[in-house]
Amino acid sequence: MSFLPSILFGFLLFLAIALFVFNCRKIYRNINLGKNIDRSDNKKVRLLKMFRLAFGQSKMLDKPVVGLLHLIVYVAFILINVELIEIIIDGLFGTHRFLAPYLGGFYDFLIGFFEILAFLVVISVLIFWIRRNILNIRRFISNDLKGWPKTDANYILYIELVLMFLFLNMNATDFYLQSSSFSEYYKSYGYFPISQYLVPIYSNFSDISVMYVERTSWWLHIIGILFFLNYLYYSKHLHILLAFPNTYFSNLDKIGKFDNLSSVFNEVKAMLDPSHDPFSTNNNQTEIEKFGASDVFDLNWFQLLNAYTCTECGRCSSECPANETGKLLSPRKIMMKTRDRLEEVGKNIDKNGKFIDDNKSLLNDYISKEELWACTTCNACVDSCPIGIDPLSIILDMRRYLVMEQSAAPSELNNMMNNLENNGAPWPFNQLDRLNWKN
Amino acid sequence: MNVPTLKELKEKGLEPEILFWVGCAGSFDDRAKKITKSFVRLLNKANISYGVLGVEESCTGDPAKRAGNEFLFQMQAVSNIEVLSSYNIKKIVTTCPHCFNTIKNEYPSLGGTYEVLHHTQLLDQLIKDGKIKIEEKLYKGKKITFHDPCYLGRANNEYSAPRSLIDSVKADLKEMKSCKDKALCCGAGGAQMFKESEKGNQEINIKRTKQAVKTNAKIIAAACPFCNTMLSDGIKATHDNSDIKVLDVAEIIDASVSKEL
């Protein structure tokens, strides 16, 4: 019967990883619905940027206090997961603290270190919860987060709290059992600077019930981790993985440089070149490309990766001049809606095998013209994102669709563009008067 | 005012070192024309070999591009590049950060690569080289706040040149709470200049003006003709009859140059 827990553990582990891989493939497929964009250049610069922004969290520290708290949770997350190696070995082979005899004193140090990290995480998460739910911080009480996003953010904090408690409780009961009638199984390994203070809770418990508590904590802890792994796909917490590719593939150019659509360039060349033959063969090779974006298919894969990576922190919207003056536009919401629409398209494909037109689109059904026209293209959102997300590029691509495919610019902008086309200036002045200022 | 055009220069067989790209606002907007003149006075004073395109200049296409009309932008860009090539232009200076950004960053892949300077960068260089000499009396110790244009600052990482110019007149630079990469937009960019804003609880230029006024500076320095308009309107709307002025950095320098050279 002793192998039964091992089989159960192996089954759970397999199930969790399989489900996770299944969802990862969906994300990969959905991101690849986007158009191609070449981000294969400058590998070294990209790696460095990834190390700086994602590993080093350099931009998170722009806000020093929350940046530090986030850093604690992040470092703890990575380091405590080292313990996961041992938990998996123990789970699969029915051992207990498998690594302890091999690592000796270092093992004690590690466990002690993890406990201190876990304690710091508890403190940080509590502060995060207070910031999110009690202090009236604008980016957290914003309408953007009404409903699931707010719940999601709190769930993440609760899950982290529960996991840390289970980890500490597992150690506390282990520590207790090391000097109990079960000391044969619970050898004296580890150093417990934090969880030792939990031991008195169990002073009236029998040894056997403490052992049940220890086993339960151990199992719930690993089940919790596997659950959390699979929760990522449904959550903004996906950023803990996608922040890495997102920063790697992010834009390396000056942020003032907007891309020049090559499809437009071909047309412009054709129009200006008198020797251009509209009937020559290489013009017929592809059908005319759609200008700009009205749906997720028209965006590029990096923009779609951005949508999955967004952590909904709202730094972008709190810097956005339009949002700060009460306009409908919120760059955060642009990212969230893009992800929502992409997920909807993904579900459509899951159901039908391929995408069947659902008479919906990112434009109008998710993002309104009013939002798009409120943008000043000031790049504050782009600059403020700690992980290189570019909401402005989506806004611009959707404006391009409105103007070039639908001629649906606000009438004042049409006037401006008419002037520009006819007089070479956005105002109705004659180009021949351009030097009159010197008189 | 003596302003050589490239056409005149070419007829004389001359090629200037640098093209002064005046821009639409600098050519047509009454307020911005004063900035253009200040800058030209400084170019003349420093004895720079420059020229303007005059009637051959046309909009860079920035407002069209940012409004989503990539087609119109590229038409403008390609024909501008053609004109620039015909005069063999290598170096361009402009008083407008939008022209600056567009020509510097967006023209190269359409076939036009130039060394592009914002006028604050050129003026900073001319002062450092001693080609423009500053008399420090006028603004010495006066509080000046500087509004970073988005397309000079965030977009192109130039924060120091305009500040160095304000330092050069020994003014007391009072930074706004949100400045440099955190500077709030004036509200004109992305073609907003040419349309009414969407429904909200405040105009962006009013918010920015209030931030500027809060520094207690009597001079709000700008480095973009559009920011200048937005902030001037902001002052009119919130502090009419006050002695707060919105000046381009070039005007501050122009008023501070020594009369002798």
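**Exercise 1. The contact between the chains**

How many residues does the contact take from chain A and from chain B? Describe the side that chain A contributes, by helix and by residue class.

Solution. The model is predicted, so local features rest on a pLDDT of at least 70, while totals for chains and interfaces use all residues.

Step 1. Take the count for each chain. Chain A gives 55 residues to the contact and chain B gives 56 residues.

Step 2. Assign the chain A side to helices. At least two residues each come from helix 11 (262-272), helix 14 (321-324), helix 17 (369-373), helix 18 (380-384), helix 19 (391-405) and helix 20 (411-423) of chain A.

Step 3. Sort the side of chain A that touches chain B by class. It holds 32 nonpolar, 10 polar and 13 charged residues.

**Exercise 2. Overall form of chain A**

Describe the secondary structure of chain A, and compare its radius of gyration with the globule rule.

Solution. 

Step 1. Count the elements. Chain A has 20 helices and zero strands.

Step 2. Apply the globule rule. For 439 residues the rule gives 22 Å, and the radius of gyration of chain A is 28 Å, well over that value, so chain A is more spread out than a compact globule.

Step 3. Along the principal axes, the C-alpha atoms of chain A fill roughly 100 × 50 × 40 Å.

Step 4. In chain A, 39% of the 439 residues count as buried. Of the contacts between residues at least 6 apart in sequence, 78% join residues at least 24 apart.

**Exercise 3. The domains of chain A**

What are the domains of chain A, and which helix supplies the largest share of the side of domain 1 that touches domain 2?

Solution. 

Step 1. Write down the bounds. The domain assignment gives domain 1 of chain A as 4-31 + 63-248 and domain 2 of chain A as 262-408.

Step 2. Take the separation. The centres of the two domains of chain A, over C-alpha atoms, are separated by 38 Å.

Step 3. Count the residues in contact. Domain 1 of chain A has 18 residues in contact with 21 residues of domain 2 of chain A.

Step 4. Find the contributing helices on the domain 1 side. Helix 1 (4-31), helix 7 (138-141) and helix 10 (239-248) of chain A each supply at least two residues. The largest share, six residues, belongs to helix 10 of chain A.

Step 5. Sort this side by class. It has eight nonpolar, five polar and five charged residues.

**Exercise 4. Overall form of chain B**

Carry out the analysis of radius, box and burial for chain B.

Solution. 

Step 1. Count the elements. Chain B has 11 helices and eight strands.

Step 2. Apply the globule rule. A compact globule of 261 residues would have a radius of gyration near 18 Å, and the 18 Å of chain B agrees with this.

Step 3. The C-alpha atoms of chain B fill roughly 50 × 50 × 30 Å along the principal axes.

Step 4. Of the 261 residues of chain B, 57% count as buried.

**Exercise 5. The domains of chain B**

Which helix gives the largest share of the side of domain 1 of chain B that touches domain 2 of chain B?

Solution. 

Step 1. Write down the bounds. The domain assignment of chain B lists domain 1 (6-124) and domain 2 (134-256). Their centres, over C-alpha atoms, are separated by 23 Å.

Step 2. Count the residues in contact. Domain 1 of chain B has 25 residues in contact with 26 residues of domain 2 of chain B.

Step 3. List the helices on the domain 1 side. Helix 2 (23-28), helix 3 (30-45), helix 4 (62-67), helix 6 (97-106) and helix 7 (119-128) of chain B each give at least two residues. Helix 3 of chain B has the largest share, seven residues.

Step 4. Sort this side by class. It has 11 nonpolar, nine polar and five charged residues.

**Exercise 6. A sheet in chain B**

What is the strand order of the open sheet of four strands in chain B, and why is one side of strand 2 and of strand 4 left without a neighbour?

Solution. 

Step 1. Read the order. It is 2-1-3-4, with parallel pairing.

Step 2. Identify the edges. Strand 2 (50-51) and strand 4 (115-118) of chain B each have a single partner strand, so one side of each has no neighbour in the sheet.

Step 3. Follow the pairings. Strand 1 (residues 18-21) and strand 3 (residues 91-94) of chain B pair in the parallel sense over three bridges. B:Leu19 stands opposite B:Ile92, and B:Trp21 stands opposite B:Thr94. Strand 3 and strand 4 of chain B pair in the parallel sense over four bridges, and B:Val93 has B:Leu117 as its bridge partner.

How values were computed: Residues numbered from 1 in each chain as written. Chains lettered and ligands numbered in written order. Predicted model: local features only at pLDDT ≥ 70, side-chain atom pairs only at ≥ 80, totals over all residues. Domains from an automatic or database assignment. Contact = placed C-beta atoms within 7 Å. Nonpolar A, V, L, I, M, F, W, Y, C, P; charged D, E, K, R; others polar. Rg over C-alpha atoms; globule rule 2.2 N^0.38 Å. Buried ≥ 20, exposed ≤ 12 C-beta atoms within 10 Å, placed from the backbone. Pairing = 2+ DSSP bridges.
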